[in-house]
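Trainee: Can you walk me through this one? I'd like the fold, the core and a few residues worth a look.
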Amino acid sequence: MRSVTVRVLAANLARKMVLMREWLDLNRCEPTRFDCGKNGAEVVWFVAFSSDIAAEGFARRFGGERARQRTSRGSSR
């Protein structure tokens with residue numbers, strides 16, 4: 001899964017959501033998963049994409065952090 005975590009102050013939530021929707025439409029991509037939670041004054045979004053390019057662009061545009069990818073092969077030593 002190519003996921004991004006974005007943190008936004010709750011006071012800026014509505015404006016940030018509009019900007020995200022515009023970015024998604026402009027880049028013609030839809031998240032494969034979208035979850036959110038609250039941490040104090042912050043809203044935390046977890047957004048997953050089917051493409052590395054979309055996830056990277058979204059993270060760059062909205063100051064998000066990419067989640068580390070796990071491999072199903074196990075660790076190599």
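**Serine 3 and its surroundings**

Mentor: Start with serine 3, which touches Val47, Ala48, Glu65, Arg66 and Ala67, leaving out residues up to four places away in sequence. Contact means heavy atoms within 4.5 Å.

Trainee: What should I know about the model and the numbering?

Mentor: This is a predicted model: local features need pLDDT of at least 70, side-chain atom pairs count only at pLDDT 80 or more, and totals for chains, interfaces and linings use all residues. Residues are numbered from 1 along each chain as its sequence is written, and side-chain values use heavy atoms, with hydrogens and water left out.

Trainee: Where does serine 3 sit?

Mentor: In strand E1. Helices (H or I, at least four residues) and strands (E, at least two) are DSSP runs, numbered from the N terminus.

Trainee: Why does serine 3 count as buried?

Mentor: Because its relative accessibility is 18%. Buried means under 20% relative accessible area, exposed over 50%, partly exposed in between (1.4 Å probe, protein chains only).

Trainee: Zooming out, how many helices and strands are there?

Mentor: The protein has 2 helices and 4 strands. From the N terminus, the order is β-α-β-β-α-β.

Trainee: How do the strands line up in the sheet?

Mentor: The sheet is open, with 4 strands in the order E2-E3-E1-E4 and antiparallel pairing. Two strands pair if DSSP finds at least two bridges between them. E2 (33-39) and E4 are the edge strands, each pairing on one side only.

Trainee: How many bridges join E1 and E3?

Mentor: 8, in the antiparallel sense. Leucine 9, for instance, has glutamate 42 in E3 as its bridge partner.

Trainee: And E2 with E3?

Mentor: That antiparallel pair has 7 bridges. Glycine 37 stands opposite valine 44 in E3. E2 and E3 form a hairpin with 2 residues between them, and glycine 40 in the turn has a positive phi of about 65°.

Trainee: Which strands do the helices lie across?

Mentor: H1 lies across E1 and E3, at about 15° to E3. H2 lies across E1, E3 and E4, at about 15° to E1. The axes are lines fitted to C-alpha atoms, for helices over the stretch in contact, and angles run from 0 to 180 degrees between N-to-C directions.

Trainee: Which residues of H2 are buried?

Mentor: In H2 (residues 52-62), they are Ala54, Ala55, Gly57, Phe58, Ala59 and Phe62. Their cover includes E1 (2-9), H1 (13-26), E3 (42-49) and E4 (65-66).

Trainee: What happens at the ends of H2?

Mentor: Serine 51 caps the N-terminal end, with a side-chain oxygen 3.1 Å from the backbone nitrogen of isoleucine 53. Just after H2, glycine 63 has a positive phi of about 65°.

Trainee: Now the core. Which members of the largest nonpolar core touch the most others?

Mentor: Among its 17 residues, those are Val4, Val6, Trp45, Phe49, Phe58 and Phe62. E1, H1, E3 and H2 each give two or more residues to this core. The largest share, 5 residues, comes from H2. A nonpolar core is a set of buried Ala, Val, Leu, Ile, Met, Phe, Trp, Tyr and Cys residues joined through side-chain atoms within 4.5 Å.

Trainee: What is valine 6 in contact with?

Mentor: Leaving aside neighbours within four places in sequence, valine 6 contacts Met20, Val43, Val44, Trp45, Phe58, Phe62 and Gly64.

Trainee: How much of the protein is buried?

Mentor: Buried residues make up 30% of the 77.

Definitions and conventions: Polar contact = N/O pair within 3.5 Å; in protein donor to acceptor, adjacent residues only side chain to side chain.
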